[in-house]
Amino acid sequence: MELPKGWIFDIKKFAVHDGPGIRTTVFLKGCPLRCWWCHNPEAISSRPELVFFANKCIGCGECFKVCQRGGHEILDSGERVYHRERCVLCGECVEYCYAEALVMEGKEVSVEDVMIELRKDIPFYENSDGGITISGGEPLFQIEFTLALLRQCKAEHLHTAIDTSGQASWANYEKILPFVDLVLYDMKHIDPERHREYTGVRNDLILENLRKMSQYGVPIEIRMPIIPTLNDYRESIEGIATFLRPLENITRLQLLPYHRLGEAKYERLERDNRMPSIEPPSKEQMQQIATWIQPYGLEVNVNG
Ligand code: SF4
Ligand code: SF4
């Protein structure tokens, strides 16, 4: 039987923040959330996207010549324009752009394509108790591919983790959990309406799935992005800690400070960036937030 293929936008080797040990993180395309602070906007669409790096363009004009659809144009003003609405993502201009100013974000891969990459790093996993993490985007957005990849990893005795938003049907979690050693579970806000405002969806399903998962028996690490002014205040943090306290199998709460490393991607993808004026939290602020959580009996870590 042929295994399903999946769309990915990156495979990151030697990852040390996506679960225990040295890991390889596979980033899948497609996400049901629209978080204001998303630092992987290339993950949002489940389709590939053409990205133009203006700083690399040498103006050779090859892309204008090759594109049959008028996807690239130089206006009389001299401005170079990519017409996303005309582009059918055939990828031909990417092939002809020797300066690598045009990049196709997203490629279709088979389970075996990914396994070939993973097997190269098995010695590192073995020496560090590491493994593979499937991230995104939302791994359950491509449930059949994620399931097939996890099954194959377990068949080859690799430690597996998924990094999930919680926004997926419980039926799909039940499919994959038998093949998952660790869940990295994102929590962004405890208030349903604020959650909807900042991510596009309420958090009812996310909280319900987490309750069910905590009964399932798999270890769960909670990951909470700390976004100044949106969720970094005491009421919000303690609301999450209160929700987590009675749950079982929560190994720790990882605080992830907001950073601005993804900003340039918004420009390249021509997407609105809703966070331009927000500065990352300081180390002192992150430590302060950790002290608010400690009384709830949860192990808390600050990343970065
Ligand atoms: S082919 Fe690449 S380098 Fe040449 S004009 Fe087009 S984008 Fe620029
Ligand atoms: S990907 Fe194809 S259709 Fe799109 S701009 Fe390039 S050559 Fe034109």
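**View 1. Crossing of α9 and α11.** The crossing of helix α9 (residues 234–244) and helix α11 (residues 283–293) is right-handed, a term used when the near helix is turned clockwise from the far one by less than a right angle, with left-handed for anticlockwise. Their axes are 9 Å apart and the packing angle is about 45°; axes are lines fitted to C-alpha atoms, for helices over the stretch in contact, and angles run from 0 to 180 degrees between N-to-C directions. That angle makes α9 oblique to α11, given that angles under 35 degrees count as roughly parallel, over 145 as roughly antiparallel, 65 to 115 as roughly perpendicular and the rest as oblique. R234, I237 and E238 of α9 make the contact with I289, W292 and I293 of α11, where contact means heavy atoms within 4.5 Å. Helices and strands are DSSP runs numbered from the N terminus (helices H or I, at least four residues; strands E, at least two).

The model is predicted: local features need pLDDT of at least 70, side-chain atom pairs count only at pLDDT 80 or more, and totals for chains, interfaces and linings use all residues. Residues are numbered from 1 along each chain as its sequence is written, chains are lettered from A and ligands numbered from 1 in the order in which they are written, and side-chain values use heavy atoms, with hydrogens and water left out.

**View 2. Crossing of α3 and α5.** Helix α3 (residues 111–120) and α5 (143–155) have axes that come within 10 Å and cross at roughly 40°. This makes α3 oblique to α5, and their crossing is right-handed. On the α3 side the contact is made by V111, V114, M115, L118 and R119, and on the α5 side by F145, A148, L149, Q152 and C153.

**View 3. Buried face of α3.** V111, V114, M115 and L118 of α3 are buried; buried means under 20% relative accessible area, exposed over 50%, and partly exposed in between (1.4 Å probe, protein chains only). Seen down the axis of α3, the buried residues fall within an arc of 100°, so they line one face of the helix. The arc is that of the directions from the helix axis to the C-beta atoms. An α-helix has 3.6 residues a turn, so residues three or four places apart point the same way. The cover over the buried residues of α3 includes β2, β7 (107–109), α4 (122–128), β8 (131–135) and α5. In the loop between β7 and α3 lies S110, which counts as buried at 17% relative accessibility. With neighbours within four places in sequence left aside, S110 is in contact with K5 and F145.

**View 4. Helix α8 and its surroundings.** Helix α8 (residues 204–216) has 13 residues and spans 19 Å from its first C-alpha to its last, close to the expected 18 Å, which is 1.5 Å times one less than the number of residues. I206, L207, N209, L210, M213 and S214 are buried in α8. Down the axis of α8 these buried residues fall within an arc of 160°, so they line one face of the helix. They pack against α6 (170–176), β10 (182–186), α7 (192–199), β11 (220–226), α9 and β12 (250–257). After α8 comes G217, with a positive phi near 110°.

**View 5. D18 in the β1–β2 loop.** D18 is placed in the loop between β1 (6–15) and β2 (23–28). With 10% relative accessibility, D18 counts as buried. Apart from neighbours within four places in sequence, D18 is in contact with K12, R23, T25, T133, A161, L184 and R223.

View 6. Most residues other than glycine have a negative phi, and most peptide bonds are trans. G136 and G137 are joined by a cis peptide bond with omega about 10°, and G137 is in the loop between β8 and α5. E100 is not a glycine, yet its phi is positive, near 60°. E100 sits in the loop between α2 (92–96) and β6 (102–105) and is exposed, with a relative accessible area of 53%. H157, also not a glycine, has a positive phi of about 60°. The loop between α5 and β9 (159–164) holds H157, which counts as exposed at 72% relative accessibility.

**View 7. E62 and Y96.** E62 is in helix α1 (residues 62–66) and is partly exposed, with a relative accessible area of 24%. E62 and Y96 are 34 residues apart in sequence, and their C-alpha atoms are 6.3 Å apart in space.
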